[in-house]
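Hi,

Here is the model I promised to pass on. Have a look at it first, and my notes follow below.

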Amino acid sequence: MKKGDKIAAICILILIISSFIGVFSYRLYVKGSHKIAVIKQEGKIINTIDLNKVKGRKQFKIKYKTSHFNLVEVENGKIRIEDADCPDKICIKTGWISKPGESIICLPHKLIINIEGKNSKYDGLSN
Amino acid sequence: MSKIKKMVFLSFLVGIALVIYVIESQIPVLFPGIKLGLANMISLTALILLGWKEALTVMLLRTLLGSIFGGTMSAFMFSIAGGILSNVVMIILYKYFKKFLSLSTISICGAIFHNIGQLLVASIIIEDFRIYIYLPVLLMSAIVTGYFIGWCTKFLTENLYKLPMFKGLKY
């Protein structure tokens, strides 16, 4: 161990702690019983769904550049990507999300599904 | 060291880095393109044994060829962003601070910036900074892989120093 190692270790520790605090405060800020799922593709919002108002099970397909898709499924209070033709299928493996602050990301299709809570800018349905 | 010897040696390094890269691609990750960055071990070795230009060369070649062999376009962008950022950081730390920092620390910093670079590119692609929620997890893995890489590089360079072509070089 050299002299600078301790300084570096402290800096890294501060970085880790602040990133944890950052994530934690974001989750706190976004908490609440309100659950709006916001679906963004290529930076543009293409859908917002009030998950609390969903009855039964609904599915819809999101197209990406004509030949690619993500199959989104919603039930009351939760949402997931059921199927997709991206190479890694990480979006499918993420499974259901139901809490504000949680998200599903499909990077090859530039898709991100976020759940917003009580401080959401969006409300209700839009398409 | 003659130019030809250097070129051959660099080619060896790039080849080894490619093999590491391809094997590493089999390990499942948080989202496509994010890699553990184990091949950075080779860039670090090149940095110590040859110099910063060679280290960058190895990294660029490895990223380019690696993406042609086994990755997607987005994987390429992540690797380049993470690779350049982490290499530059390691070069600066090594050049100016090598008396104060052990190899593992330099490599850990490189790994951290590798991940920060990857997240930066990802956040630009989906135009949403919330991907940084993954940062704490990535930082933890960066520390572990960084330390592991530093350790491996230490062994690698210590043994390579014994080769006649590297006589006289010291950390």
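**What I found**

Let me start with one strand pair: Leu71(A) has Asp83(A) as its bridge partner in E5(A). Before going on, some housekeeping: this is a predicted model, where local features need pLDDT of at least 70, side-chain atom pairs count only at pLDDT 80 or more, and totals for chains, interfaces and linings use all residues. Residues are numbered from 1 along each chain as its sequence is written, while chains are lettered from A and ligands numbered from 1 in the order in which they are written.

On confidence, the predictor gives an ipTM of 0.72 and a pTM of 0.75 for the complex. Chain B has an average pLDDT (the predictor's confidence in each residue, from 0 to 100) of 81, and 89% of its residues score at least 70.

**Chain A: the sheets**

A word on terms: helices (H or I, at least four residues) and strands (E, at least two) are DSSP runs, numbered from the N terminus, and two strands pair if DSSP finds at least two bridges between them.

Back to that strand pair: E4(A), residues 68–75, is joined to E5(A) by 6 bridges, and the two run antiparallel. They belong to an open sheet of 3 strands, ordered E3-E4-E5, with antiparallel pairing. E3 (58–64) and E5 (78–84) of chain A are the edge strands with a single partner each, so one side of each has no neighbour in the sheet. On average, neighbouring strands here are turned by 25° against each other, direction ignored; axes are lines fitted to C-alpha atoms, for helices over the stretch in contact, and angles run from 0 to 180 degrees between N-to-C directions.

Chain A also has an open sheet of 4 strands, in the order E2-E1-E7-E6, again with antiparallel pairing. Its edges are E2 and E6 (103–106) of chain A; each has a single partner strand, so one side of each is left without a neighbour in the sheet.

Within it, 6 bridges link E1(A) (residues 36–41) to E2(A) (residues 44–50), running antiparallel, and Ala37(A) is partnered by Ile49(A) in E2(A). E1(A) and E2(A) make a hairpin with 2 residues between them, and Glu42(A) in the turn has a positive phi of about 50°. At the other end of the order, E6(A) and E7(A) (residues 111–116) run antiparallel and are joined by 4 bridges, with Cys106(A) opposite Leu111(A) in E7(A).

**Chain A: the annotated helix**

UniProt (unreviewed entry) puts a "transmembrane region" at residues 7–29 of chain A; positions follow the numbering used here, feature names are shortened, and annotations may be inferred rather than shown by experiment. In the model that stretch of chain A is 100% helix and 0% strand, with its end C-alpha atoms 33 Å apart.

**Chain B: a helix pair**

H1 (residues 3–24) and H2 (residues 40–49) of chain B pack at about 160°, with axes 8 Å apart. Leu13(B), Ile16(B), Ala17(B) and Ile20(B) of H1(B) make the contact with Ile42(B), Thr45(B) and Ala46(B) of H2(B), contact meaning C-beta atoms, placed from the backbone, within 7 Å.

Cheers

Conventions:
Contact = placed C-beta atoms within 7 Å.
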